[in-house]
Amino acid sequence: MTTNPVKITARNVQVYYGDNHAIKDVNVDIEDKTVTAFIGPSGCGKSTFLRCINRMNDTIDICRVQGDILIDGEDIYDRKVDPVQLRAKVGMVFQKPNPFPKSIYENVAYGPRIHGLARGKAELDEIVEHALKRAAIWEEVKDRLNAPGTGLSGGQQQRLCIARAVATEPEVLLMDEPCSALDPIATAQVEELIDELRQNYSVVIVTHSMQQAARVSQKTAFFHLGNLVEFGETDRIFTQPEDPRTESYITGRIG
Amino acid sequence: MSDTPVTKRKGSLLVQDARTIKRNRAEKRFQMYGIAAISIGMLMLVILLTTIIARGTGAFQQTFITLNVPLLAEKLDKKGNRDLADIKKVSTFGYAPLMQAAFEAKVAELGIETDLKPKKMAALLSKDAAAQLRNFVLENTDLIGETVEFQFLAQSRVDGYLKQRVTRDSIAKDKNINATQLDLVDALVASGHVVKKFNLDFIIGSDASDARPEAAGMGTAMMGSFFMMLVVLSLALPIGVAASIYLEEFAPKNWITDIIEVNISNLAAVPSIVFGILGLAVFINYMHLPNSAPLVGGLVLTLMTLPTIIITTRASLKSVPPSIRDAALGVGASKMQSVFHHVLPLAAPGILTGTIIGLAQALGETAPLLLIGMVGFIASNPPETIAEGLMSPNSAMPAQIYEWAKRADPAFYERAWGGIIILLVFLITMNAIAVLLRRRFERRW
C-alpha cells in the first residue's frame, strides 16, 4: 500500500471534561487522501478526539485540550489560530443530518458566502453545483434547489450536509458517525461517496460499525477508554490485531 | 416443581379483579377532577365576558337630540366679516340662546304641550352641546346665517332614561332632571327627534369633566397608551433581545451569570407598583422628566416588561436545537454569524410572541401609572406630534377606566365597562397577532 504524506499529526493529546480524563496521551499521524476510521466502544473518546481536530470542543466550556495537534505542521491550538478560519479548512459532517432550515441552495451557498469564495451569483451557482455533484446528490435535487433542505430524506439530507462541508473547499473532512441515522441504502450511497472524497481530502470518520470501517477506510484507529490502543492499515487491524483488546472488540467480546 | 413465593391467582381476562377495578376508578375520578376544574374556569370566563359585554356595550351608544338651529349672523358674527378670529370671540354662552330658541321652536313645531321654559328644555342637552355647536360653526363659517339641522348630545340623565338606567322613580330627588322634562323626552322620542345611536366619540374623543359623562371618550387615553407602547417596544425589544442573546449564547456559565439569571427571574415577579415608585424616584424626581408623560410611563413599563421579554427570548433561543449551531460552526461561521444567521431567525417567532405578550401585559398595567401621575382627569386634545405625544400629560386606557370607575355618576360607570371592552379588544388583537406570528413562522427541523 502506498503511503501518502501526513496531513494531521497528534502528539500527546490529552482531553479533560472537567475532572474526567477523556483522551489519554494520543499520538497519531493521519495521512492525506486517505480515509481513516476511528472505531471503539461507546464513550471511548473517538468522537471527542475527532472534535479536537477542528476545535469544535471549544464550544464546550468545561473541555480542556492539552498536547499538540498539527495540520500541515501548524499547531491548530496555537494562540494565533482563529478557530473559525480553522473550521473553514477542516469541514465536519455530524452524526444526525443537520441541514439549515433553508433552501437546498442556501444550505450549500452559506459557507462559500461567509468566506467570500465567490464573486457574484454565477460563481456561487457554480460552486453550489460543483459541491452538490461531488456529494452525489446533484441529479436528485437540481430541479428543486429552492425547496427546503429539511424536506429531503435522511440520506439525502446527509449528502446535502456533505455538500455543504465540501463547498468551502476544506482540506480535511471530519465525519462523526455520518451513517448512524441512515437506512442501509442511504448508508451505501454515503459510503460510496466517502470513497470518492478520498481523491481530494483527508477523511476522518468515526463509526460504530466495524463493517463500515472495513469497507471505507484504509487506516483504522481503535480507541478504548480514552486510549488509542492500536493504529494501522485497516486490513491488518481486522485480520491480525496486535493488541488483545482490539481483538476482543472486533470479535465482539467487548463493545 | 419449585414453589413460588408469590401466589398469583389465575383468573379470566374477561373478569376484572379488585385491583384493576380500583385503579380504573381512580383514573376516572382524576379525569372528573380535571374536567370540573376546566368547567369552573370556563364558567368564570363566560360570566366575566357576558357581564362586561352586557354592561359595556351601552357606552358605545349615546342619545342625541336633533334640532334645527338658526345660526344667526347678528349673534355669531357681529361685524359680519366672517373673520375666524372675530367668530372665535363668541364663547359658548353666545350659543346657548340659539339652542334654547331652537328647542322652543322644535317643541312648538311638533305641537307638544309642555309647561317647560326654553331654558329648562335646553337643559336636556348636554353641557357640552354648546361647545359642540361652536366647534361646528368654527369649522363651517360659511353656514352662518343659515339654519342647520344639528344632532346634540343629550345630557346623561336623558341618555340613562333611554337606556333604562334612569327611571321616573329614581329621579325623585335628582336636581338634573324632573318628570316634566321626561314627558318632553317621551314626546320627542315618539317624533323621532331623540334617538340612541352609535357614538364614535366614545372611542376617539377625550375625557370630560364630572358634569358631562356623555361627552367622555377613550381616544386621548388610547393615544397615551399608544405612545407608551411605542417607548416600550423601541426600548424593551432591543435591550431584552440583546441581553438574552448575550446571556444565552456568549456569556460564560459561572456564578455571576447564575446570579444575573436568578435576579431576572425575581424581577419578573416584582409587583408593578414597585416599578412605579422607582419611576417616580428616578425618572421624575431625579431626572426631572415631566409628570404624567407617556415617556415616563413607557420607561417604567419598559423596566417591567424587560424580564418577561428576556425570559421568553432565552427560552426560544434554548429551543433552537444545538445541531444548528454545530452545523454553522462546522462550516466555519463565527459565533456571531451562527447566532444571527441561523439561531435568531429560528427563535424569532418565539421572541415576537414573548414581546407581544409582554406589551399586552404592559398595556393593561395600571398600578405603576398611579405613582407617576398618569391616572387622573386629563382632557387634553390628541397630541399632534410624536414629541408632544411623549412629553405632554396623558393617561392610559386602564388608568382611564379606573378614573371613570371611581367617579360618582353611574353614567361614568357604564363608560368604565365600555372602556374595558375597548381594552380587551386591543389585548385580544395583540394575542391573536402573537398566535398568528407563531403559526406563520414556526419552522420544523
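This is a predicted model: local features need pLDDT of at least 70, side-chain atom pairs count only at pLDDT 80 or more; totals for chains, interfaces and linings use all residues.
Local features need pLDDT of at least 70, side-chain atom pairs count only at pLDDT 80 or more, and totals for chains, interfaces and linings use all residues. Residues are numbered from 1 along each chain as its sequence is written, chains are lettered from A and ligands numbered from 1 in written order, and side-chain values use heavy atoms, without hydrogens and water.

**Exercise 1. Overall form of chain B**

Compare the radius of gyration of chain B with that of a compact globule of 445 residues.

Solution. 
- Take the radius over C-alpha atoms; the globule rule is 2.2 Å times the number of residues to the power 0.38.
- For 445 residues the globule would come near 22 Å, but chain B has 32 Å.
- Check the box: along the principal axes, the C-alpha atoms of chain B fill roughly 115 × 65 × 40 Å.
- Count the elements: chain B has 19 helices and 3 strands. These are DSSP runs, helices being H or I of at least four residues and strands E of at least two, numbered from the N terminus.
- Turn to contacts (heavy atoms within 4.5 Å). Of those in chain B between residues at least 6 apart in sequence, 78% join residues at least 24 apart.

**Exercise 2. The largest nonpolar core**

Find which residues have the most contacts inside the largest nonpolar core, and which elements supply it.

Solution. 
- A nonpolar core is a set of buried Ala, Val, Leu, Ile, Met, Phe, Trp, Tyr and Cys residues joined through side-chain atoms within 4.5 Å.
- Buried means under 20% relative accessible area, exposed over 50%, partly exposed in between (1.4 Å probe, protein chains only).
- The largest core has 59 residues, and B:Met218, B:Val296 and B:Leu369 have the most contacts inside it.
- Elements of chain B giving two or more residues include α10 (219-250), α13 (294-318) and α19 (410-441).
- α19(B) gives the most, with 10 residues.
- Apart from this core lies another, of 44 residues, including A:Ala37 and A:Leu132.
- Beyond four places in sequence, B:Met218 touches residues including B:Phe202, B:Trp404 and B:Ile422.
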